[in-house]
Amino acid sequence: MAEIPTKAKVVIIGGGVVGCSSLYHLAKKGWTDCVLLEKNELTAGSTWHAAGNVPTFSTSWSIMNMQRYSTELYSRLGDEVDYPMNYHQTGSLRLAHSQERMQEFKRAASMGRYQGMNIEILTPEETKERYPFLETHDLAGALYDPHDGDIDPAQVTQALAKGARDMGAKIIRFCPATGVTQNDDGTWIVHTEKGDIACEYVVNSAGYYAQRVGEWFKPYGGRTVPMMVMSHQYLLSEEVPEIEEWSKANGGKKLPLLRDVDISYYLRQEKNGFNLGPYEPNCRAHWDTGADPMPEDFSFQLWQEDLDRIEDIVTDAMERVPLLGSSGISKIINGPIPYAPDGLPLIGPMPGVKNAFEACVFTFGIAQGGGAGKVLAEWIVDGVTEWDMWSCDPRRYTDYTDHQYCVDKGMEVYGNEYAMHFPYHEWPAGRDRKLSPVHDKVKQLGGVMGAYNGWERANWFAQPGDDTSLEATHTWNRKGPWEQRIREECEAVRDTCGVLDLPGFTRLWLQGEGADEWLRGFVTGGLPKIGRMNLVYVADGRGRIVTEFSCIRLAENSFVLITAATAQWHDGELVRNSVPAGVTVKETTTERDALLVAGPKSREILSDITDADLSAGWLTHQHCSVAGQKAFLIRVSFTGELGWEVHAENDAIPAIYDALISAGVKPFGMYALNSLRMEKGYRAWKGDLSTDYSMLEGGLERFVRFDKPQEFTGKAALLAEKQRGRRKAFVTLIVDAHEADAPYMSTIWHDGQIVGETTSGAWGYRVNASVALGMVRADLAEPGTELEVEIYGERCKAVVQPDQPLWDPENERIRA
């Protein structure tokens, strides 16, 4: 047994596949002075009973990247570290029962091709050729992924562990961590039953024990880890002679892994039998109540099987593959799997805690483990990741993820594991966590709500008789009961005046001597004058886009930075961790609300209810009274029309909102706002603005002040990029789209080659066209260039537009 060291660069808590992958990748990056602690044997948690499937399929760009990397790593790992592994790349078939599912498959196939994977779309007949035991009479088709397969979870974990040890990293088994202490300089002491380890960084990779480990970090700024634990069962059949015969006849090959995603199960060849894994809607949470507490140690343990829960799915699988019904069940595995509220893992900086990271709550740890280790090691060593990983960033959740929320959302995700994520669909569990002061009024007016960092906002406003059922949203197409309403809302903002209740804006108030000088070095561009505001950006060391703020200057050293609701913990941490001594940061996100008032009649309507100077120019701000309430008025509009943001204390908002509605102002929602901002080319955070792109690629050079003396982060990289030329360029496209607009990461083609991707898409109701924002090869960014955007498998003509807004290119309306 390895002797416990007293010092290390990094200590990883948890010895599953993700912890071992993290250690391996840290060592690969040269950080060999790292230690992994495991309270039992490696793989003792979810890893040991995992089925070991290794798919690449995802409709998330970053998750697909991570899973693709895992398959590439696993295919070479055994040879690389000299450890034998059973890794079968059998390929997989995902079955489609509907055209909507086929559209999803075509989108994923397009993304896969962009990442270098030859994913195929098959007819039912072609599917039957790949899997002769399959009933295909009621199928619309299938997706075939040749890279999919399965691996022995214990072997891949031990291979990663061996590779890490061979490079000098240490693994201490049977050594439970018992707590942590942070020193004044931000370094750590990790306490164990065998002694303390001093280290610079700590990683919580404790699997389904991650929440318990996370509690140790609360005294240092941490929070309860947002997660719950699901009971997941899979069945192993007895041997089936026909499978053995088929394998022998096909050179020892295994059948492709089968997923009937519309019924919700996978079916895999296991030796010469079957492995059936259902994801049943009638699912079971464990360790979720005081009557069912999590034990101190559940290593290598399982629960009693519960076949009643999965009976219907098993019956359906037997009808799909009758051969399954010809054998008995030899074994049932029922073990714990951790779930975050959206089903995606937590990888990255631990919210609120310096020098601590998370790599935990993996629902598909084997498939994602290889990529997760790479990402985590990049985050710790380099401070940045190759791919933008906001989808997995622990800071994507804030303070609304209480225990019941995590349980409700985890069960919803599990019961809909293979569900399609339609663009107009809102999942119903875990709602109404954060409400605006006029929430009830918005609902009375017909607001159909969506959740944004827990905040309820109206997506669109339904009229009596409109279908607001969840079933109505089960489409990829723009046409639905919302379409006419979105059009009416956009037209009201264009022709008269609209109001959008927008709770949850992240507001950071900076004050103190030197705040101005610090900000000049923090952002890439310049600062506004007192009484004005502008947009400012933060880049990373590569010159890539980290975030965007609206910067409001109240006084020489007093600023308010406003950013997206979803960026609350990300951007708050970014600012708080960077400000110098003497500069204070006060957050007023929850104490205030904002109303967006926009349209050519907005000045006329506001003039009747405010004492503000409405002749003050664009990008000005002022304290005033609105509807008899104290308010802060900002002359800015994300809609591209004449407008103001009205910010006020929560208690003041109902009177202001009522006054606007009484004056005939039409309420509009987030879907209309998205359409309006697209026509202006305004970027959205973590879509158009992400660390996948540099400031120059993002078309944001006008927000970079190369001539200022401050050495802002990314300056050298951006200067070098400016000299050599950018690789990609931001473009606005008019697309000959048919029923659906381009979703995020739709592939862009030119002359039969992939040349870029869309970052967002929507119908523009003022320009009466389908609009996409995207990134293309720099030489193709010339106005008039004809491209093709692949929308759910259909390539649609797209034309590059001039580098200006489609709507009101001279900004005459917004400055009116």
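How far apart are the end C-alpha atoms of residues 9–379, and how much of the chain there is helix and strand?

**View 1. The stretch from residue 9 to residue 379.** The end C-alpha atoms are 14 Å apart, and the chain over residues 9–379 is 30% helix and 26% strand. Helices (H or I, at least four residues) and strands (E, at least two) are DSSP runs, numbered from the N terminus. UniProt lists these residues as "domain: FAD dependent oxidoreductase" in an unreviewed entry; such annotations may be inferred rather than shown by experiment. Before you go on, note that this is a predicted model, where local features need pLDDT of at least 70 and side-chain atom pairs count only at pLDDT 80 or more, while totals for chains, interfaces and linings use all residues. Residues are numbered from 1 along each chain as its sequence is written, and side-chain values use heavy atoms, with hydrogens and water left out.

**View 2. Strands S1 and S2 side by side.** Strand S1 (residues 7–13) pairs with S2 in the parallel sense over four bridges; for strands to pair, DSSP must find at least two bridges between them. Look for valine 10, which stands opposite cysteine 34 in S2. In a regular strand the side chains alternate between the two faces of the sheet. From strand S2 (residues 34–37), Cys34 and Leu36 point one way and Val35 and Leu37 the other, and all are buried (under 20% relative accessible area, with a 1.4 Å probe and protein chains only).

**View 3. The second largest pocket.** A pocket is an open set of points on a 1 Å grid over the protein atoms alone, with protein on both sides within 12 Å along at least five of seven lines; lining residues have an atom within 4 Å of a point. This pocket holds about 870 Å³ of space, a volume being the space filled by probe spheres set on the points. Its lining has 35 residues, and Pro349, Trp379, Gly383, Arg395 and Leu574 lie nearest the centre. Helix H15 gives the largest share, three residues. Why does the pocket lie between domain 1 and domain 2? Domain 1 (1–87 + 148–227 + 340–397) and domain 2 (502–674) both give residues to the lining, so the pocket lies between them. These bounds come from an automatic or database domain assignment.

**View 4. The largest cavity.** A cavity is a set of points where a 1.4 Å probe fits but cannot get out. The largest one has a volume of about 70 Å³. Strand S12 (228–237) and helix H9 (311–320) each supply at least two lining residues, and Leu235, Ser237 and Met318 are among those in the lining.

Methods:
Buried means under 20% relative accessible area, exposed over 50%, partly exposed in between (1.4 Å probe, protein chains only).
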